[in-house]
Amino acid sequence: MKKLLLVLIVLCMFGCKKYVVSFEQPTNSKLDNVKLEILLDKEKVQEINLKAASGIPGYETVELPISEEGKHLLQIKAKDTTFSYDIKYPEEQYIRVVSHLKANGKLHVGILKRQYNF
């Protein structure tokens, strides 16, 4: 029984590798219902709709799969602009995506990458 438990723990540690991506919900009401498309290696994996918060921003978390080499191209399409970021596992396992409006009214999407959870 102990051997089976040990095997399950080892399989989970090596088989459950994922990027954890948190999308910050904006406090700017002009960004309410803006759709973001998430692409991993140029393949669409998910869509996120931003929901404006009235005070403290909330987060929507998504887990993205990892390939054998652990290097990927993360792209985020917002309106008519695509933002591209190179990410590496495990150095950049936890990613936070932040959207905001610039002074000229254009949308900007930035990311923070870390090895450990925020």
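**Close-up views of a predicted model**

**View 1. The hairpin of β7 and β8.** Five residues lie between the two strands of this hairpin, and Gly-105 there takes a positive phi near 90 degrees. Strands are DSSP runs of E with at least two residues, numbered from the N terminus. The model is predicted: local features need pLDDT of at least 70, side-chain atom pairs count only at pLDDT 80 or more, and totals for chains, interfaces and linings use all residues. Residues are numbered from 1 along each chain as its sequence is written, and side-chain values use heavy atoms, with hydrogens and water left out.

**View 2. Strand pairing of β7.** β7 and β8 run antiparallel and are joined by eight bridges; two strands pair if DSSP finds at least two bridges between them. Tyr-94 has Arg-114 of β8 as its bridge partner. β1 and β7 run parallel, with four bridges, and Val-21 is partnered by Ile-95 in β7.

**View 3. Ser-99 in strand β7.** Ser-99 lies in β7 and is buried at 6% relative accessible area (buried is under 20%, exposed over 50%, partly exposed in between, with a 1.4 Å probe and protein chains only). Leaving out residues up to four places away in sequence, Ser-99 touches Pro-26, Leu-31, Leu-36, Leu-50, Leu-107, His-108 and Val-109. Contact means heavy atoms within 4.5 Å.

**View 4. Glu-91 in the loop between β6 and β7.** Glu-91 is found in this loop and counts as partly exposed because its relative accessibility is 47%. Beyond residues up to four places away in sequence, Glu-91 touches Arg-114 and Gln-115. The C-alpha atoms of Glu-91 and Gln-115 are separated by 4.8 Å, although the two residues are 24 residues apart along the chain.

**View 5. The largest nonpolar core.** This core has 24 residues, of which Phe-23, Leu-36, Leu-64, Ile-95 and Val-97 touch the most other members. Two or more residues come from each of β1 (18–24), β2 (35–40), β4 (59–65), β5 (71–78), β6, β7 (94–101) and β8. A nonpolar core is a set of buried Ala, Val, Leu, Ile, Met, Phe, Trp, Tyr and Cys residues joined through side-chain atoms within 4.5 Å.
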